[in-house]
Structures are given as C-alpha cells and as structure tokens.
Amino acid sequence: MATNIQLPRLTRPEPRGIGWSLLLTLPIFIWSLLMLFRPGMDTDLKSRIAATITTIFMTVLFFMMMRTGSTYRWRRIFFVSVGVLFPVGFIYNIVLARGTMGIPLEEMIAGRTPFCFMPIPMLILPAALTKTLIFPGTIASTNHGIAPMVGMWLALTLVLGKGWCSYACFFGGIEEGVAAIPARARIRKLDPRWRYGPWAVLLAMVLLSLALFEPAYCMWLCPFKAVSEYVTARNTIGLVQNGIFVLLFAGLVIALPFLTKKRTQCSFFCPFGAFQSIFNKISAFEIKIDKGRCKPCLLCQNACPNLSLSKESIARGETLMSCMKCGACVDACPRQAVVWHIKGTEAACKPERARLMFLYAAWAMAVMFGGTIIYGGVATILHFIA
Amino acid sequence: MKLRPILGYTAAGATVLVAMLTPFVLMGYFANGVAALPLQVDEVYSGGPKARTVQMGAYSIVIHRPVRPHFLQSEKPFVQLDWTPVSALPQHVSDMVDIDGNGQPDIRVTFDVPKDPKAPLRVDVEPLNPRYQAMNSAGKERFSRLIVRVDNAILVRVPLANP
C-alpha cells in the first residue's frame, strides 16, 4: 500500500548530463554487441550491417531513456519496430522455405510448425492430464521448437512478468504503432468491463483446447495469423478460419487502436496477456501511485494503452494486475505521483533507482529477443534492396 | 532497515541477475528441462509410434500403431503407413499390406509417385478387412485421411471403420 513520505518539490526531472547518460548506457551497448555479434550469427556483410544497425538502434533508444527520464516513447519506438519487422523476417523465411504463408499438412505432420508463445496457456492442461502436447511441432529442436520457446518464455517471464507485453511480444507493436497515428482518440469512452475480455477468452480457449485437443486459439481466433502463418485453407472450414483471422486483425489491431488510441487487442482479447498478468504477482517491479501527490487528474488513466488504471485503483495507489509496465502513466503524470517501484519499499522511495533496475533487466531482454527480431527484419530488407 | 525493503531490493537485484544469465545459462536450462519432461506431440500430428516394418524389396513400409483421437477431437481413428525411401519406389505403387500382422492382407494401397516432389499425390485404398475404410483418389483431406510426402517418405493415413 502506498504511504506518504516527505517529498521534494514537484518539478519535471532535469535531463541527465550527456556523460552520465553515456555511462549508464555503456552496459547496454556492450550487451547489444554480445547479443548481436555472438557466435552463430551470420557473418556475411549484410548480416553484419543489420547487426550494427540494430546495436546502434537499441543503444540510442536506451541512451534517450537515460537522458530524458522518459520511458514510454522510446520503448514504443523499439516495440513498434519489432511489430513491423517481425512479419518481414518471418514471412520471408517461411515463404523461402515452403513457398507460402500457409502451413501445409505435411509440414505439421513433420513437426515443422514454428512454435510461438501464444498457445502456451492452452497446452498446460492437456499436457498435465495426458502428457500430450497439442501442437504440431517438435519438442526439442534448435529452431522454432516447443522446448526452446517455452524455455525462453519462462526466463523472460521471471524477469518481466506482464512486462512481456511491452518488451518481448512480437505482435503488440503493430497495434501500438497504429494507436500512435491519430492525434486524438475518436472513441474515448470505453466500458471498463472490456477488461475482463482477455480472461474470458483465456478461460474459453483453455477449456476448448482441452476438449477439442487442438490449440483452439491458433486454429480459430489469433488475429496475428494474418501477418504470420495460418493453416492452409483446404475446405470451407479453413476459409472461415482464415476469414476470422483477417477480420480480427482488421478490427482489433488496425481499426480499434486507430479509433481509441489503445492497444485494443491486448486490452480486450489477448488470452496470453491475461495469462501473463498472473506473473505480475511474482515480479519485483511495479508501478505505484503516490496518493500524497496525486490530484487525481486521471491523465495517467487516459495515457494507459491497456486500461490498467481505474479510478478505484488510482485511489488505492496502484495499477491493476494487467499493467504492462510500459511507462506511459509515469511519463504522463505532471506531478510525478506515478512512479516505478520495487515491491516492499516505500512508495516514491527512489523511483529512479527502481526504474533503472527494471530497465536494465527489461532492456537486456528486449535486446536479446526483440533485438534479434529487428536484426532479422533489417537483414531481410537489406537482402532485397542491396 | 526493515526486512521488506531488503527483500524487495534482493528480488530486484536477482531479477537483473536472471536477465544477465538468461541467454547464457537459463534459457538453455529451462529448454532442456521442458524437453526432458515425459511429453509427446499429439499422435494425430505425429502419426503414432512405429509398430513394425515390412520390407518390400528396395523399399519398405513402416506400419504405425493405430491412433485414436481424444474426447471431442474432430479427427477419426486412423493408421499411418510410410513408404520409404521415395527414391526406391516404382512409378506406380500397388501393395497389399498386412497391418495387424496376422498374415492376411488388410488393405490394398495404390498410388502414383510423381517425379516432382511438390506434385499432389492421390491414393486409392481398397479395404480387404472391414476394420478399414476405403479411400478413392484421396489427397490431403484431413489428418486422419490423407497421402502426403514428408521428406523421404510417402505417408498414407487410412481411417478405421470401427472405432
């Protein structure tokens, strides 16, 4: 619970000096070099150029976070880049391998369906009850296998909690980019009950997946099939499935984010996001609202892209458990009442220290995972233009 | 200093440490842990474990154990047969296959082997045992009823008549 302590006067923090910001950025620069020039990465000229561009990109964004004290806008540039470049690299590679974005039956039988993190919550019950993975992939594989992806998800989740949705998800950037386009939201009033949407979808998909013994979300509802891969339509059912994917993508990822300036797919629909919210409970980091400073003006609530703040939660001095730790509310607060916080410490006790610790961990993961995706997308573009 | 802040900072520091260790140690450790779990990919996708192999001269037919779908799964029970290697198959295959190993042929399977590996395949299955369903010029209809080429094998899945 937030407590009121002696506070300094309310002013925007001065930008850090360039030298101090550079010093704070140095570990991330070294980390980027380690991740993007590690053994096993391609060594041809275009790949090296892509790795250099990505290293500079990730380092400059972190430097700007250090220099300006703002988190959200710089993180958003990274996140949108991941969202846009993931389909570029991914689609190019699968079309190169099999000539189509559709997954033919023989590729599923061969266990060569790339595994993404989305079906993880749907695999748990069938695996626990029958020791069976209801996914047409390979358990142990060096590339796109189930075990490597689950291993990566476990490690990133320990670090990020629900922050996965702001620093690791390779889908959310598309709608965050679309939401950033209009100057103002055309639809401003959103029924708060929509917040329960992801939980409803999660429950329905987990039970359906157990009953049908297939990853029901992937088969029927994933909007991102439209920009990644889908089951090849062999009959009317396949056509209906693909139609649903395209409609959901157009509605939840393009139209509604444009109209509301919110991440509507994440806020109203994504079952993985709901599942990931559970892991916010084990995260050491959170966002707190210092009730002593808060007016409340609700600017933080308006800025939140994920409906993770309500009047009630602000009054309690905390965010809802769906908070993605994107930093939008912290940056939006003119009174610095919304702060980064380490659990167990006093509210507003050295918030910059909490922010720095979280950002080092989160950005390290962002470079390792998202940075590799950006690298792949840039390398693909270079392949086409050079 | 109170205990809660100490625990909080310890957890925060541990989070940073976990992040540093993730690409070098933890990711592989967790992945190996998941791979070591006694899990298998659903047999509707994998085709089930191999039961026996019948040698047919230059090529062989691998017979899998029948696969029975779970609960509300939309697929029918089926048995998978693999003709391998493709390079040793004649242009036209017509084999009687004893699936259950009782010495009596259960089905006659007929298909052409096109030279182009991406060319669509068609199969006819004539049941000689009422346990198996007929297939007429079937292609890739569903997991439980298909003929596909996977790497160096041609897979035929024959639906069972009496689940």
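Helices (H or I, at least four residues) and strands (E, at least two) are runs assigned by DSSP and numbered from the N terminus. Residues are numbered from 1 along each chain as its sequence is written, while chains are lettered from A and ligands numbered from 1 in the order in which they are written. This is a predicted model, in which local features need pLDDT of at least 70 and side-chain atom pairs count only at pLDDT 80 or more, whereas totals for chains, interfaces and linings use all residues.

With these names in hand, we can begin with a loop of chain A, the one between β4 (285-289) and α14 (299-303), where P296(A) is found. The peptide bond that leads from K295(A) to P296(A) is cis, with omega near 0 degrees. Chain B has a cis peptide bond as well, joining T84(B) and P85(B) with an omega of about -5 degrees, and P85(B) has its place in the loop between β4 and β5 of chain B.

From that loop we can turn to the sheets of chain B. Strands of a sheet pair through backbone hydrogen bonds, either parallel or antiparallel; here, two strands are said to pair if DSSP finds at least two bridges between them. An open sheet of four strands in chain B has the order β5-β6-β7-β8, with antiparallel pairing. Its edges are formed by β5 (92-97) and β8 (135-138) of chain B, each of which has a single partner strand, so one side of each is left without a neighbour in the sheet. Strand β7 (residues 123-127) of chain B is joined to β8(B) by two bridges, and V123(B) has A138(B) as its bridge partner in β8(B).

β10(B) then pairs with β11(B) in the antiparallel sense over five bridges, with I147(B) and V156(B) as one of the partner pairs. These two strands form a hairpin with two residues between them, and D151(B) in the turn has a positive phi of about 55 degrees.

On its way through the sheet, β11(B) is also joined to strand β4 (residues 78-84) of chain B by six bridges, and Q80(B) stands opposite R157(B) there. A residue is called buried if 20 or more other C-beta atoms lie within 10 Å of its own, exposed if 12 or fewer do, and partly exposed in between, with C-beta atoms placed from the backbone. Six of the seven residues of β11 (residues 153-159) of chain B are buried, so this strand is largely enclosed by the rest of the structure.

Burial leads us to the nonpolar cores, each a set of buried Ala, Val, Leu, Ile, Met, Phe, Trp, Tyr and Cys residues joined through C-beta atoms within 7 Å. The largest core has 129 residues, and among those that touch the most other members are L156(A), A362(A) and V367(A). Helix α17 (residues 351-385) of chain A supplies the largest share of this core, 18 residues. A second, separate core of 31 residues includes F78(B), L81(B), V123(B) and I147(B).

Finally, where do the chains meet? Counting two residues as in contact if their C-beta atoms, placed from the backbone, lie within 7 Å, 43 residues of chain B are in contact with 43 residues of chain A. On the side of chain B that touches chain A, α1(B) gives the most, with 21 residues. The chains are also linked by strand pairing, for β2 (residues 132-133) of chain A and β1(B) run parallel and are joined by two bridges, in which T132(A) has Q40(B) as its partner.
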